[in-house]
Amino acid sequence: MPNLGRLRAPTRFSDDSFHSRMVKQEDISFGMQDNLSRKDVTVIGGGLAGMAAAIHLAKAGLHVLCIEATPEDNVVVGESLDWSAPELLRALGLPMERLIAEEIATYKRHIVVSLRDGFSQQYIPSEWLGKPPWNVELRTLHVDRARLKVALREIVLNHGVAILSDKAAEIERDRKRIIALKTQSGRRIDSPWFIDASGFAASLFPRTFKLPVHEYGPTKVAIWSYFNVPDSTEGTTLYTGEDKRQYMEWLWEIPIHQNRISVGYVAPGAAIKEKRQQGKTVDDIYRDQLSRIPRFKPLLQATKKISPTVTSFRCRVHGEVAGPNWLVAGEAASMVDPMTSNGVTAGLRHAAEASHLIVKYFHGGRLPHLDRALYSWRVQALAKFFNSGIEKVIYDWPIRNRIGIVNAGEVYTVPAWSINVLYSRLRPIGLLSTGLFNLFLASLRAAACIFHWLCSRWPASSTSPAGSAS
């Protein structure tokens, strides 16, 4: 990857002007709430997947209603994007240059894994990815999710999408066909087509239809906050230790602005529960973890009160996420582990593919069984690949203990980056392309499982400081 240097944005806006833009958009949205008489598609959820789907559908000429939950229901994580995300954002009207110029994003040049013994390793996409026939943009981004939401919301409103500030609560259905839904305020919404992008916690359609679910790893807890710094880097940094035979805990550092970083701690829910039972507050736990990293000690000393944000999640993917006149997208369909940096990409891909199917079959009024199955298969296969891979290779101890965290990182990141590139270029949609691509993913998952089993039978006795077996 070429040295990108520091790109300073030519335009800046203060936090005051940022909040002014949010208020202005709320006023516009409020004025459109009663414009619900003519709608072709109802999108549940005003997050990235929901807004992306609304934009794609509106650009195709359909009348769209987006039901957006109240802000307090939106706990947002996922600020470090993988190398496929910028192209998907560009398709929505947010090219990388605009995101950088408006300080919605910063460049992500690499990923750094930093061990507690001082050793660190950079992971940078290979230069061959930027050459024909792949022609991949080797730069990617970190994003300020709040500002990204504002920018997407502007585009949504500019395309005439009606936004209803409410929460979908119940579904009215005829077998597997959705007739209408009722909101928390009692409003009944009916339309020919629906997309559920309600998020991980709600997952309205999966819960209603009791869709099959595959879960990965234990329930995890993420605790994070933001700090002002003199200058930030152009990469995501992951901090961890080499704890033997333990499920891995880690911290992230993500520069969302030139002088502002997001710092988070991820651990199994059981570990957090044990600390809470010892009488520690969330702030205590967060400070204790950050204090182990020299980089963060000055930040902690300068910050008396942090009040970090907390959320819990368990990585999962639902099956059968498409019905006669509905599809599920984003975290409502699959929750991908945040260490993969693939959550935003997954949501944007779901939104694009679900919208494409609705546009294609809009006048027919029904999704064919094959297209439903193929959409569900693709959603499942990708989520299984990323979640299974990160669990087997990184989080669990056998492979990490046998070859070291640094080499384990290589084992995971190389196929992960390659799969994203292949999917972006091949765009598997039909039966043959989807089948072959998913078969390839299944073979990679099987290889990881076999390697995991072998390493659990013959674990390494020790590791070198560089993280490789000695």
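# Helix packing, aromatic pairs and a buried loop residue

Of the 470 residues in the chain, 54% are buried. The model is a predicted one. Its secondary structure consists of 14 helices and 18 strands. Among the chain's contacts with a separation of 6 or more, 75% are between residues 24 or more positions apart.

Helix α10 covers residues 343-361 and helix α11 covers residues 369-395; their axes come within 11 Å and cross at roughly 175°. An angle over 145 degrees counts as roughly antiparallel, and α10 is therefore roughly antiparallel to α11. On the α10 side, the contact is made by Arg349, His350, Glu353, Ala354, Leu357, Lys360 and Tyr361. These meet Asp371, Tyr375, Arg378, Val379 and Leu382 of α11. By class, the residues of this contact are six nonpolar, one polar and five charged.

The other partner of α10 is helix α13, residues 405-426. Here the axes come within 13 Å and the crossing angle is roughly 15°. Angles under 35 degrees count as roughly parallel, so α10 and α13 are roughly parallel to each other. Their crossing is left-handed. Thr345, Arg349 and Glu353 of α10 are in contact with Asn420, Tyr423 and Ser424 of α13. The contact of α10 with α13 comprises one nonpolar residue, three polar residues and two charged residues. Arg349 and Glu353 of α10 take part in the contact with α13, and both are also listed in the contact with α11.

The aromatic side chains give a second view of the packing. A pair of aromatic rings is described by the distance of the centres and the angle of the planes. With ring centres within 6.5 Å as the criterion, the count is 10 aromatic pairs. One of them joins Tyr239 and Phe296, with 5.2 Å from centre to centre and 70° between the planes. Planes over 60 degrees apart count as edge-to-face, and the Tyr239 and Phe296 pair is edge-to-face. Tyr239 belongs to strand β13 (residues 235-240), while Phe296 is in the loop between α8 (282-290) and α9 (297-302), so the pair ties together parts that are 57 residues apart in sequence. Both Tyr239 and Phe296 are buried.

Trp250 and Trp252 form another aromatic pair, at 6.0 Å centre to centre. With 50° between the planes, this pair is tilted. The relative accessible area of Trp250 is 3%, and that of Trp252 is 7%. Buried means under 20% relative accessible area, so Trp250 is buried and so is Trp252. Elsewhere, Phe205, Phe209 and Trp326 form one aromatic cluster.

Leu94 is located in the loop between α3 (85-90) and α4 (96-101). With a relative accessible area of 0%, Leu94 is buried. Leaving aside residues up to four places away in sequence, Leu94 touches Leu89, Leu99, Leu148, Ala151, Leu152 and Ile155. For Leu94 and Ala151, the C-alpha to C-alpha distance is 8.1 Å, although the two residues are 57 residues apart in sequence.

Terms used. Residues are numbered from 1 along each chain as its sequence is written. This is a predicted model: local features need pLDDT of at least 70, side-chain atom pairs count only at pLDDT 80 or more; totals for chains, interfaces and linings use all residues. Side-chain values use heavy atoms; hydrogens and water are left out. Axes are lines fitted to C-alpha atoms, for helices over the stretch in contact, and angles run from 0 to 180 degrees between N-to-C directions. Helices (H or I, at least four residues) and strands (E, at least two) are DSSP runs, numbered from the N terminus. Angles under 35 degrees count as roughly parallel, over 145 as roughly antiparallel, 65 to 115 as roughly perpendicular and the rest as oblique. A crossing is left-handed if the near helix is turned anticlockwise from the far one by less than a right angle, and right-handed if clockwise. Contact means heavy atoms within 4.5 Å. Ala, Val, Leu, Ile, Met, Phe, Trp, Tyr, Cys and Pro count as nonpolar, Asp, Glu, Lys and Arg as charged, and the others, Gly among them, as polar. Rings of Phe, Tyr and Trp (its six-membered ring) pair if their centres lie within 6.5 Å; planes under 30 degrees apart count as stacked, over 60 as edge-to-face and the rest as tilted. Buried means under 20% relative accessible area, exposed over 50%, partly exposed in between (1.4 Å probe, protein chains only).
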